[in-house]
Amino acid sequence: QDASSKDAGPLPTGWVERSKPKSKGGGIVYVNELTGEERRERPLERKSGIWEARRMPGGGLIYVNKLTGAERIERPLEWTAEELRRLVLRQSFDITDKDKSGFLSKPELSLLLRRVNQFIK
C-alpha cells in the first residue's frame, strides 16, 4: 500500500492495519479486532458516530463531537455494547489460546471459562 492510505484519515473503530508476511501473500491488510474479519480494501469510516474527524490546517486530525461541539486530539472510542462484548471475548480467546492455533484445547477452554466467570461475578 502507498503513503496515501495514511492520508485517508483514521480507520473505523476496531480496525487496524497490518503487514502480511511475504509467505502469506505480502502487502497490507486491514483486520477488525472485534469480529476477526480481514480484508485488503481499506474500510470506510462509519458515518453514524457522534465524533467526526477533521483535518487541521497543519495537517493533523482533530475529533469534533457533533452533539456537543467538544474537540479532542485523541481518537474517541465509539463502541456499541455488542462491539465491546465481541472485543472482550476475542481478547480473552486470544490470551487463552497459548499455542496460537486458533482452537482451544480442553485446558485452554477451562481457563477461558474461569476468566469469563470472573467477569460475570
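**Entry 1: Glu-17 and its partner**

I began with Glu-17, which is partly exposed at a relative accessible area of 27%. The model I am reading is a predicted one. I looked for a charged partner and found Arg-42, whose side chain meets that of Glu-17 in a salt bridge at 3.9 Å, N to O. I noted the cut-off here, since a salt bridge requires the nitrogen to lie within 4 Å of the carboxyl oxygen. Glu-17 sits in strand 1 (residues 15–19) and Arg-42 in the loop between strand 3 (38–39) and strand 4 (51–55), so the pair ties together parts that are 25 residues apart in sequence. I then checked the cover on Arg-42, which counts as partly exposed at 22% relative accessibility.

**Entry 2: the other bridges I looked up**

How many salt bridges does a search of the whole structure find? The search returns four. Side chains of opposite charge can pair when their charged atoms come close.

I took Lys-20 next. Lys-20 forms a salt bridge with Glu-38, and the closest N and O atoms are 2.9 Å apart. Lys-20 belongs to the loop between strand 1 and strand 2 (28–32), while Glu-38 belongs to strand 3, so this pair ties together parts that are 18 residues apart in sequence. I recorded a relative accessible area of 24% for Lys-20, which makes Lys-20 partly exposed. Glu-38 is partly exposed as well, with 44%.

I also looked up Arg-39 and Glu-37, whose side chains meet in a salt bridge at 2.9 Å, N to O. Arg-39 has a relative accessible area of 27% and is partly exposed. Glu-37 counts as partly exposed at 35% relative accessibility.

**Entry 3: Asn-32**

Glu-37 came up again when I listed the contacts of Asn-32. Leaving out residues up to four places away in sequence, I find that Asn-32 touches Gly-14, Trp-15 and Glu-37. Asn-32 is found in strand 2. Is Asn-32 buried or exposed? I have Asn-32 down as buried, because its relative accessible area is 8% and the limit for buried is under 20%.

**Entry 4: Leu-112**

I moved on to helix 3 (residues 106–120), where Leu-112 lies. Leu-112 is buried, with a relative accessible area of 9%. Which residues does Leu-112 touch, not counting those up to four places away in sequence? I list Ser-92, Phe-93, Thr-96 and Leu-104. I also took one C-alpha distance: Leu-112 and Asp-94 are 18 residues apart along the chain, and their C-alpha atoms are separated by 9.7 Å.

**Entry 5: the chain as a whole**

I left the overall figures for last. The protein chain has three helices and six strands. Read from the N terminus, I get the order α-β-β-β-β-β-β-α-α. Of the 121 residues in the protein chain, 25% are buried, and I have already noted Asn-32 and Leu-112 as buried.

For contacts with a separation of 6 or more, I find that residues 24 or more positions apart account for 31%. The accessible surface of the protein chain is about 8800 Å². I put the share belonging to carbon and sulfur atoms at 56%.

Technical notes. Residues are numbered from 1 along each chain as its sequence is written. This is a predicted model: local features need pLDDT of at least 70, side-chain atom pairs count only at pLDDT 80 or more; totals for chains, interfaces and linings use all residues. Side-chain values use heavy atoms; hydrogens and water are left out. Helices (H or I, at least four residues) and strands (E, at least two) are DSSP runs, numbered from the N terminus. Buried means under 20% relative accessible area, exposed over 50%, partly exposed in between (1.4 Å probe, protein chains only). Contact means heavy atoms within 4.5 Å. Accessible areas come from the Shrake-Rupley method with a 1.4 Å probe; for residues, only the protein chains shown count as cover.
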